[in-house]
Amino acid sequence: MKDIQIDSQFDSGNIEVLSIDGAGARLALKKDNNSDFRQWYHFRVAGAAGRELELKITGLEESAYPGGWTDYDSAVSEDREYWGRAPSSYDKAEDGGTLTIRYTPASDLAWFAYFAPYSLERHHDLIAESAASDGVSWRSLGRTLDGQPLDCLSMGEGDMQVWLYARQHPGESMAEWWMEGALEVLTDPADPVGRKLRDLCRFHIVPNCNPDGSRRGHLRTNACGANLNREWDNPAADKAPEVLAIRNAMDETGVDFAMDVHGDEAIAAAFLAGFEGIPSWKQEQGNGYESYRALLDRRTPDFQTEKGYSIARPGTANLSMSTNQVAERFGAVAMTLEMPFKDNAALPDTEQGWSPERSKMLARDCLASLLEWIETRKG
């Protein structure tokens with residue numbers, strides 16, 4: 001029987017083929033350019049119809065987050081629309097840490113990825129459809145190192161300046177699925193939450209802060225290997241032009257509320273991270289963050305407050321990270337939303353795990369919570 005074929009020379013593709021034997025393969029991850037980060041993969045297997053695949057991704061104890069592989073099942077699709085999960089197991093003692101993916105495709109082609117990809121073609125469709133909606137304006141905040149535009153959509157007539165931005169870390173593709181859900185709410189003239197929010201707020205939305213890393217198949221960095229979410233204190237035009245452009249635009253508008261949308265490799269839950277350690281922290285500002293978090297926790301079982309990151313001690317916040325920088329710079333209620341690569345362990349979905357669909361639904365709940373938060377503060 002013929003060997004399967006494995007390809008990754010496409011948008012966001014990433015894999016190194018070490019060997020192929022029939023329906024089995026040994027694989028390895030490629031590092032981000034000029035970086036030691038590696039975790040993202042996205043590849044196509046051909047010639048696989050009716051054959052049980054055994055795909056071994058090796059060397060994962062040297063990946064960015066080895067803890068992300070335990071209890072993780074690979075994303076898989078045969079039509080690139082519906083992404084399910086393929087049974088996977090991790091053995092840290094095998095070949096430097098090996099994730100073994102087993103799957104039997106019904107058709108000749110199957111795509112595997114660390115999470116359901118959000119392609120740049122879909123990104124451009126999202127930008128085009130949103131920009132054509134009533135009351136929405138588009139602008140490019142600048143150019144990336146690879147020469148791509150940094151798309152920003154603005155809408156709303158209110159006084160509250162709200163910034164939503166995603167995919168500083170390009171491999172966290174659930175973040176742009178979240179953005180798609182948010183834009184569906186905000187551009188739908190029949191959606192009551194979107195209509196009311198546009199009355200109260202002026203939104204500035206950057207669905208993909210790192211299109212270069214997205215296209216290159218990076219986990220965490222831009223074209224030159226910079227981790228954008230460690231560049232916010234002093235962004236340089238030749239290293240992190242994306243951050244410089246976004247921060248300059250924020251300086252023009254001011255920021256009252258900001259959400260930076262991400263994914264977490266290891267924690268099987270959605271959660272928020274705040275700005276507790278910033279030097280200028282104020283009780284009112286902190287109360288704003290805590291009250292929003294409580295509203296979101298009450299609204300959906302796909303969010304929780306028990307799991308998350310450790311809280312920085314007073315005055316020790318890392319101001320190179322966007323949430324801390326924005327909270328410090330503007331006095332904003334800022335936060336980082338993290339969604340799982342694995343699943344919500346408290347409400348598991350054996351077919352899809354955490355998925356594009358759940359990311360989009362969480363965006364709707366985040367916006368509904370924002371509306372309640374604003375109305376509660378006003379009242």
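A search of the whole structure, which is a predicted model, finds 17 aromatic pairs.

**Aromatic pairs**

- A pair of aromatic rings is described by the distance of the centres and the angle of the planes.
- Trp69 and Tyr114 form a tilted pair, with 5.2 Å from centre to centre and 45° between the planes.
- Trp69 belongs to the loop between β5 (53-58) and β6 (74-77), while Tyr114 belongs to the loop between β10 (109-113) and α1, so this pair ties together parts that are 45 residues apart in sequence.
- Both partners are buried, since Trp69 has a relative accessibility of 1% and Tyr114 has one of 0%, where buried means under 20%.
- The rings of Phe271 and Tyr309 have centres 4.8 Å apart and planes at 85°, and the pair therefore counts as edge-to-face, because angles over 60 degrees are given that name.
- Phe271 lies in strand β16 (residues 271-273) and Tyr309 in the loop between α6 (283-299) and α7 (322-330), so the pair ties together parts that are 38 residues apart in sequence.
- In this second pair Phe271 is buried, at 1% relative accessibility, whereas Tyr309 is partly exposed, at 39%.

**Ring cluster and a charge over a ring**

- Ring pairs link a cluster made up of Tyr41, Phe43, Trp69, Tyr72, Tyr103, Phe112, Tyr114, Phe115 and Phe341, and this cluster includes both partners of the tilted pair, Trp69 and Tyr114.
- Arg80 lies over the face of Trp111, at 5.6 Å from the centre of the ring.

**Leu120 and its surroundings**

- Leu120 is found in helix α1, which covers residues 120-131, and with 7% relative accessibility Leu120 counts as buried.
- When residues up to four places away in sequence are not counted, Leu120 touches Asp11, Gln148, Asn208, Pro211 and Arg215.
- Leu120 and Ala223 are 103 residues apart along the chain, and their C-alpha atoms are separated by 15 Å.

**Helices α5 and α7**

- The axes of helix α5 (residues 241-253) and α7 come within 12 Å and cross at roughly 25°, and the two helices are therefore roughly parallel to each other, because angles under 35 degrees count in this way.
- The crossing in which α5 passes α7 is right-handed.
- Where the two helices meet, α5 contributes Arg247, Met250 and Asp251, and α7 contributes Gln325, Val326, Arg329 and Phe330.

Conventions:
Residues numbered from 1 in each chain as written. Predicted model: local features only at pLDDT ≥ 70, side-chain atom pairs only at ≥ 80, totals over all residues. Heavy atoms only, no water. Helix = DSSP H or I, 4+ residues; strand = E, 2+ residues; numbered from the N terminus. Buried < 20%, exposed > 50% of the residue type's maximum accessible area, 1.4 Å probe, protein only. Contact = heavy atoms within 4.5 Å. Phe/Tyr/Trp six-rings, centres within 6.5 Å; stacked < 30°, edge-to-face > 60°. Lys NZ or Arg CZ within 6 Å of the ring centre and 35° of its normal. Axes fitted to C-alpha atoms, helices over the stretch in contact; angles between N-to-C directions. Parallel < 35°, antiparallel > 145°, perpendicular 65-115°, else oblique. Left-handed = near helix turned anticlockwise from the far one by under 90°.
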